[in-house]
Structure formats: structure tokens, C-alpha cells
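These are my notebook entries on a structure that I looked up. I set down salt bridges, strand pairing and a surface patch.

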Amino acid sequence: MKKLYFIALCIVCAGSISILSGVLVLRYVHGHKMKNESGTVYIKKVQNGYEIIRNGKPFYINGAGGYSHFKELTEAGGNTIRIYDTVNLANILDEAYLNNLAVIVDIPIPQYSELYNPNANRDDIAVLKNRIKELVKKHKDHPSLLMWNLGNELYFFRNYSFMKTFNEIIEIIKKEDTNHPVSTATDFASRKMMANLWLRSPKLDVIGFNIFGNMQVIHPHIKFISFIFGNRPYYVSEYGSDGWWEVRHTAWGAPIEPTSTKKVEQTETRYQIISRNDESQILGSLFFIWGSKFETTHTWFSMFSEKYKLETIKVLESLWKNSSGKPDLIGLDYMLVDNKGAADNIIFPPNELKNAELIFADTKIDSLKIVWEIYPGFLDIAEGEIKSISDKSIGSFVSFENQKASFITPAIEGPYRIFAYISDKDGYFATSNTPFYVLNPK
């Protein structure tokens with residue numbers, strides 16, 4: 001067995017930590033015991049794995065990340081909200097308490113990269129530590145607090161000085177608050193990164209993973225790392241439909257957004273993958289995101305419009321409440337523009353009449369309301385990422401008939417998207433959009 005530890009440590013952690021220190025940490029993890037079982041919230045080792053104990057009772061995380069619509073989250077069966085910073089924290093904790101929601105509080109810390117090392121200035125680190133200490137002292141006794149989450153998607157596990165600071169902050173939080181666990185949320189990228197975190201931060205109570213399109217690998221990866229380095233509790237800190245970084249792109253770099261129907265399918269499948277586990281280390285999951293968010297488009301991750309709720313909420317409610325039967329959905333299949341799909345690299349000349357059409361699984365759409373919009377899309381290239389940024393809607397539509405719309409292509413050359421929003425009488429909506437490019441032939 002010692003030989004297995006040695007080989008695994010060399011493979012996973014070569015260049016990151018010394019073999020000697022790695023073995024010491026490895027042994028610590030194997031002998032790791034959950035402490036403070038008198039706390040308000042703590043992680044308990046049980047026969048088959050781990051569970052959260054909150055106010056003396058087992059607690060399984062079913063919820064989402066966001067800042068708004070707390071009442072709707074509770075009504076849908078959610079029990080937890082994750083917030084991504086500490087702005088207006090007192091009011092958020094109070095609102096969560098009124099809606100019977102537990103809160104995972106993110107404590108942001110500077111991101112490390114090869115071009116920037118926040119630890120270069122020790123005075124700045126001292127200020128950061130003191131700020132976090134005072135924050136924890138101020139809010140540690142709030143009844144809605146579930147746990148502290150130190151950092152989101154940090155990529156510093158091969159940097160000794162940053163890792164040292166990270167672990168020192170964990171110690172500060174634990175010293176000030178003995179009643180709540182400390183976690184971090186990381187991108188589910190590789191076994192090597194997982195192993196680094198598993199080994200080099202043994203005093204983390206929980207590890208969170210943000211994972212979307214590659215959800216099917218989570219249980220095999222966890223089993224592999226746990227077999228070598230020992231079991232640790234974790235939760236899925238973000239999941240949902242495919243992100244803009246995971247989908248096909250047009251020839252001009254516009255990510256092709258799934259329809260809301262596809263998002264529903266992906267959300268349900270991924271929640272079921274999370275729930276179908278046999279290692280019993282998982283403590284729950286959080287959907288991304290509960291509210292409205294502009295990321296690539298205003299619809300990609302948004303669950304609410306001004307008047308309506310995305311029909312994905314119906315599915316989440318069914319899953320969280322363990323309801324029997326399938327939710328009644330709007331039934332949108334896809335959009336065609338000039339009889340082409342989004343993957344067909346649609347390019348139009350300016351000032352031409354074109355047609356868009358929505359295809360439904362059920363052709364009985366008399367009770368549905370359909371709204372169309374066209375937005376210009378600008379390609380913003382920053383830090384190696386291409387993001388589509390929408391500005392304002394363009395009023396270039398000529399006519400609407402049932403699920404069809406006719407429009408004049410914009411006069412200005414560049415990328416655009418045509419959006420459709422389909423709402424039903426129950427206050428839910430579906431959506432789809434198609435990117436196209438206007439190219440002046442002259």
C-alpha cells in the first residue's frame with residue numbers, strides 16, 4: 001500500500017510539493033476526523049460516508065446560487081442559496097432567514113495566475129486576512145448561515161505561497177467561527193488539480209465543484225482520487241446546462257446557445273447523475289444561477305424575466321420535491337432562420353427580408369404568447385476568451401404570424417442574434433436564439 005501511495009503522489013503532485021511533505025499530508029487525510037460535533041453546522045462521518053448536521057438534524061443541499069427571488073426558491077423546494085460575495089450580506093442573510101433558506105457565503109480572495117501573484121505584497125495579505133476575520137466575527141452567529149466558501153474557481157494549487165495564504169485564511173475562519181464548516185469551490189478540471197486540493201488543504205471541511213457539460217465524469221474522478229488519497233466530503237457548487245465555453249461556435253466565434261428545452265433536458269439529466277452516486281460523500285448540489293445574469297447573452301443563465309419564470313424551474317421543483325410524473329412544458333423544439341439552424345453559419349446581406357420560424361413538438365400553440373427581438377452582438381476578446389455582448393434590441397421586424405416572424409436584416413455589417421420568448425398562461429417561458437452575421441458584399 002505504501003508503494004501505491006508513493007507512485008500516485010509522484011504522478012499527481014510532481015513539481016508541486018515534495019514527496020516527504022506529500023506523504024505527511026496524505027497520512028493526515030487518511031486519519032482525518034470530523035471535529036466539533038457540537039457546532040450549529042458540522043460535517044458528520046457516518047457509516048457510508050458523510051452528512052451535514054444542521055441544528056441537530058441531517059441536512060442535504062438542494063438549491064442554487066444567486067441574490068434574488070428567495071421566495072420563489074423556497075416555493076420550488078430549494079433549501080439553500082449560495083451568494084458570491086459579501087456585499088449587503090446582513091440583509092441577504094435576513095431575507096434568507098425569512099424564507100427558510102440556508103446560506104453558503106462566498107468570501108472572495110484575489111485570483112493567482114502566472115502573471116499576477118497577490119502574495120507579492122505581504123501588507124495587502126495582512127489587510128485581506130483582517131478583513132475576513134472581521135467579516136466572520138460579524139456574521140458567524142446568524143441563524144441562516146450554513147458554511148463559508150473561501151474563493152471561487154481558484155487556480156493556485158501549484159503555487160506554494162498562495163496555497164500557504166489560503167490555508168492560513170482557513171485557520172482564521174475556523175478560529176473565529178467554530179460552528180460552521182469552511183469550503184472552497186473549484187472548477188472540475190482534472191484529477192491532478194483535485195488531488196492537489198485534496199492533499200494540500202486538509203483542514204477544508206468540504207470541497208465544492210463547479211461542473212456543467214462534463215458531469216458524467218464526476219463520480220469516476222471522485223472514486224479514483226478517494227481510492228488513492230482517502231474519502232472527503234464534497235458538494236456540487238454549480239451545475240446546469242452547457243456553458244458558452246462548452247458548445248459549438250459559429251465561424252465568427254459566436255457560441256450557439258441551447259434552447260430552453262435543451263437546457264431543461266440537460267439540467268434534469270445532470271441532477272440525476274449527481275443523485276445517482278454510491279460513494280456517499282456528496283452533500284448536495286446548487287443550480288447555476290437563480291436570478292438573471294448577463295453572460296454571453298441575457299438568456300444563457302437567466303431563470304427570470306420581468307414577468308415570467310423559465311420553465312427549467314418546473315423541472316427543478318419536480319426534482320427537489322421528488323414529484324412523480326413529468327412537468328408540463330411548452331414544447332419548443334428549435335428555431336429556423338431562412339430555413340437554417342444556428343450551426344449553419346447564417347450570413348445575410350444587409351437590408352433584405354428574411355423569415356424566422358419556431359418549431360414546436362405540439363402544434364397547438366394558440367394559448368402561447370411569442371415575442372421576437374434582434375440584438376447586435378459584439379465580439380469582445382479578453383484573456384483569450386471570446387464573449388458575445390448584446391447591446392439593445394433593434395426594431396426591424398415587418399410581420400408576425402403564429403410562430404413565424406419576418407424581418408429586415410440590419411444595415412450595419414456585423415454579428416447579430418434573433419431571440420424568441422414563448423410564454424404560457426401559467427407564467428412560465430421558453431426561449432431560443434440564433435446568431436447570424438450581416439456581411440456587406442461590396
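**Entry 1. Lys-164 and its partner.** I began with Lys-164, which is partly exposed at a relative accessible area of 38%. For this term I used the following limits: buried is under 20% relative accessible area, exposed is over 50%, and partly exposed lies in between, with a 1.4 Å probe and protein chains only. The side chain of Lys-164 meets that of Glu-168 in a salt bridge, at 2.5 Å from N to O. I counted a salt bridge where a side-chain nitrogen of Lys or Arg is within 4 Å of a carboxyl oxygen of Asp or Glu. Glu-168 is partly exposed as well, with a relative accessible area of 23%. Why can these two residues be partners? They are four residues apart in helix α6 (residues 160-176), which means that about one helical turn separates them. Helices (H or I, at least four residues) and strands (E, at least two) are DSSP runs, numbered from the N terminus.

**Entry 2. Basis of the values.** I note that this is a predicted model, in which local features need pLDDT of at least 70 and side-chain atom pairs count only at pLDDT 80 or more, while totals for chains, interfaces and linings use all residues. Residues are numbered from 1 along each chain as its sequence is written, and side-chain values use heavy atoms, with hydrogens and water left out.

**Entry 3. Further salt bridges.** How many salt bridges does the structure hold? I recorded 16. One of them joins the side chains of Arg-270 and Asp-242, at 2.7 Å from N to O. Arg-270 belongs to helix α9 (residues 260-275) and Asp-242 to the loop between β10 (234-239) and α9, so this pair ties together parts that are 28 residues apart in sequence. Are these two residues buried or exposed? Both Arg-270 and Asp-242 are buried.

Helix α9 also holds Glu-265 and Lys-262, three residues apart, about one turn of the helix. They form a salt bridge whose closest N and O atoms are 3.1 Å apart. Glu-265 is partly exposed at 42% relative accessible area, and Lys-262 is partly exposed at 36%.

Entry 4. I then turned to strand pairing, where two strands pair if DSSP finds at least two bridges between them. Three strands form an open sheet in the order β1-β2-β3, and their pairing is antiparallel. Its edge strands, β1 (41-46) and β3 (57-59), each pair on one side only. Strand β2 (residues 49-54) is joined to β3 by three bridges. Which residue of β3 is the bridge partner of Arg-54? It is Lys-57.

**Entry 5. The hairpin of β18 and β19.** Strands β18 (residues 397-401) and β19 (residues 404-408) run antiparallel and are joined by four bridges. Phe-400 stands opposite Ala-405 in β19. Two residues lie between the strands of this hairpin, and Asn-402 takes a positive phi near 50°.

**Entry 6. A nonpolar patch.** Strand β18 also contains Val-398, which counts as exposed at 52% relative accessibility. Together with Leu-353 and Ile-408, Val-398 makes a nonpolar surface patch of about 260 Å². Patch residues have over 30% relative accessible area and no salt bridge; like charges are joined within 9 Å, and nonpolar side chains (Val, Leu, Ile, Met, Phe, Trp, Tyr) within 5 Å. The areas come from the Shrake-Rupley method with a 1.4 Å probe, and for residues only the protein chains shown count as cover.
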